Amino acid sequence: MIETNTNYKTQILEAKSGYFGRFGGAYIPEVLKPNMDALSQVFFESIADKNFVNSFKKACNDFSGRPTPVTYLENLSKQIGGAKIYLKREDLNQTGAHKINHCIGQIMLAKRLGKTRIIAETGAGQHGYATASVCARFGMECTIYMGQKDYDRQRPNVFWMETLGAKVIPVQFGSQTLNDAVIAAFKDLIAHPEETHYLLGSAVGPHPYPVLNTWFQKMVSEEAKEQVFKIENKLPDYVTACVGGGSNALGIFFDFLDDESVKLVGIEAGGKGKTPGEHAAKVSYGKEGIFEGYHSYFLQAEEGNISDTHSISAGLDYCGVSPILAYLHSEGRIQFDAASDVQTLDAMKMIAKYEGIILALESSHSLAWAIEKAKGLSNEEIILVNGSGRGEKDLFITMKHLQPESLQFFMEKQISELRDE
Ligand SMILES: Cc1ncc(COP(=O)(O)O)c(C=O)c1O
């Protein structure tokens, strides 16, 4: 039997106030209060309703291909010569990442609330792509906000969102990345609160978003726990995930929270260095504050303004972190570390070469940590990595770093063909 000890799981799911220790809350304009209260009420009612829970599971299975498997990375583990590394295959979901899980859940809540219009923000494009996909499937109007910088570097995902029927709006203020897309989406919600549901893409933002997205992601760890136990007859020794806002990390950590023997490690974007603006590691280098409606750790300049972030992966390029992760870190339950852009690219190359898997740059951060960690462990020990997404979306970024000449040749050829047409 799988044993449990503490009670973090209950504590988090029962936090109807939206506070996790001193973190969380809902610091929002008065005009949004009815909207957030209604969302909170329908969420807590729905998760207590068997019909809703079954319909959610069925949609995840039928539309997104759940349950996703765990894969033992045997070649890679043997090559490293230490612990066994397992990968939870969220990359095999519909639209290629874990984001679809909370998109399905939230669109079902929006339907229950009688909303007709969905808005969302996106960084890497994965959350926007998943949102556009569920909007097409569930028949809802869809508008996606995306920082201009992300709009440019994740252009293939913009193309797919538009093909799925979404309107994609590039955001041209601030640093033109995810933070600014979140602000633009909140502005839209303030202007159209009646008919709109803001389908927020991570376990961040004002209450109830952190707990709500954690609930819709927690099946990832419920499945993985059973899957690893079935193969190994024990729980993993370490579970690790990359941390942008924290939805995939909370998904893979949640069901292990009360298993004291399992060490949980969140990996942030170490980027190019420790200087502000060179990374996106908010727990490692950030300060406590209140931004975008919640109390957590944020990357801030001296005077308290939000500082610029950098990561090779657009999905981790965000200034804040889930208040639930901040709380669990303050409790000592979750440790944080960072992987650099270079370590991430190396990990991405290794898993491709030894396992035939093209992993997202976001997830390759946690794989990079696992590779280093595994070297110092025995082959009796197990590290479970959340493979939060697949790497095809990163083609242009990855190619620019690994084969710049081939990319240049390809682009020039495409442009000359376009000119000749
Ligand atoms: C594949 C993938 N993994 C991880 C993330 C980070 O988000 P979160 O921390 O909410 O899981 C993103 C964000 O876009 C993503 O696309």
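**Notebook: Gly114 and onward**

I began with Gly114, which is exposed, having 11 other C-beta atoms within 10 Å. The scale I used calls a residue buried if 20 or more other C-beta atoms lie within 10 Å of its own, exposed if 12 or fewer, and partly exposed in between, with C-beta atoms placed from the backbone.

Two notes on the source. This is a predicted model, in which local features need pLDDT of at least 70 and side-chain atom pairs count only at pLDDT 80 or more, while totals for chains, interfaces and linings use all residues. Residues are numbered from 1 along each chain as its sequence is written.

**Gly114, continued.** I placed Gly114 in the loop between helix 5 and strand 5. Helices (H or I, at least four residues) and strands (E, at least two) are DSSP runs, numbered from the N terminus. I then looked up a pair of residues 83 apart along the chain: the C-alpha atoms of Gly114 and His197 are separated by 9.5 Å.

**His98.** Is His98 buried or exposed? I found His98 buried, with 33 other C-beta atoms within 10 Å. His98 sits in the loop between strand 4 (84-88) and helix 5. The C-alpha atom of His98 is separated by 9.5 Å from that of Asn386, 288 residues apart along the chain. Leaving out residues up to four places away in sequence, I listed its contacts: His98 touches Glu90, Asn93, Gln217, Val220, Ser247, Asn248, Gly251, Ser388 and Gly389. Contact here requires C-beta atoms, placed from the backbone, within 7 Å of each other.

**The ligand.** I counted 21 residues around the ligand, the closest being Gln126, Gly244, Asn248, Gly315 and Gly389. A residue is taken as near a molecule if its C-beta atom, placed from the backbone, lies within 6 Å of it. Which helix gives the most to this shell? Helix 12 does, with three residues. Helix 6 (126-138), helix 12 (247-253) and helix 16 (361-375) each supply at least two. By class, the shell has seven nonpolar, 13 polar and one charged residue. In this sorting, Ala, Val, Leu, Ile, Met, Phe, Trp, Tyr, Cys and Pro count as nonpolar, Asp, Glu, Lys and Arg as charged, and the others, Gly among them, as polar.

**Helix 6.** I checked the length of helix 6 next. At 1.5 Å a residue, its 13 residues should span 18 Å, and the end C-alpha atoms are 18 Å apart, which agrees. The expected span is 1.5 Å times one less than the number of residues. Ten of the 13 residues of helix 6 are buried, so the helix is largely enclosed by the rest of the structure. Among the buried ones I noted Gln126, His127, Gly128 and Tyr129. The buried residues of helix 6 pack against helix 5 (99-112), strand 5 (117-122), strand 6 (141-147), helix 8 and strand 7 (167-171). Just after helix 6, Gly139 takes a positive phi of about 65 degrees.

I then took helix 8 (residues 155-163), whose axis comes within 9 Å of that of helix 6 and crosses it at roughly 10 degrees. Axes are lines fitted to C-alpha atoms, for helices over the stretch in contact, and angles run from 0 to 180 degrees between N-to-C directions. The angle makes helix 6 roughly parallel to helix 8. Angles under 35 degrees count as roughly parallel, over 145 as roughly antiparallel, 65 to 115 as roughly perpendicular and the rest as oblique. Gly128, Tyr129 and Ala132 of helix 6 meet Asn157, Trp160 and Met161 of helix 8. This contact has four nonpolar, two polar and no charged residues.

**Helices 17 and 18.** Helix 17 (residues 395-402) and helix 18 (residues 404-420) have axes 5 Å apart and pack at an angle of about 125 degrees. That makes helix 17 oblique to helix 18. I listed Phe396, Met399 and Lys400 on the helix 17 side, and Pro404, Ser406 and Leu407 on the helix 18 side. The residues of this contact divide into four nonpolar, one polar and one charged.

The peptide bond from Arg66 to Pro67 is cis, with omega near -5 degrees. Pro67 is in the loop between helix 3 (50-64) and strand 3 (70-72). I found a cis peptide bond between His207 and Pro208 too, with omega about 15 degrees. Thr95 is not a glycine, yet has a positive phi of about 70 degrees. With 26 C-beta neighbours inside 10 Å, Thr95 counts as buried. Asn233, not a glycine either, has a positive phi of about 60 degrees. Asn233 is exposed, with 7 other C-beta atoms within 10 Å.

Methods:
Contact = placed C-beta atoms within 7 Å.
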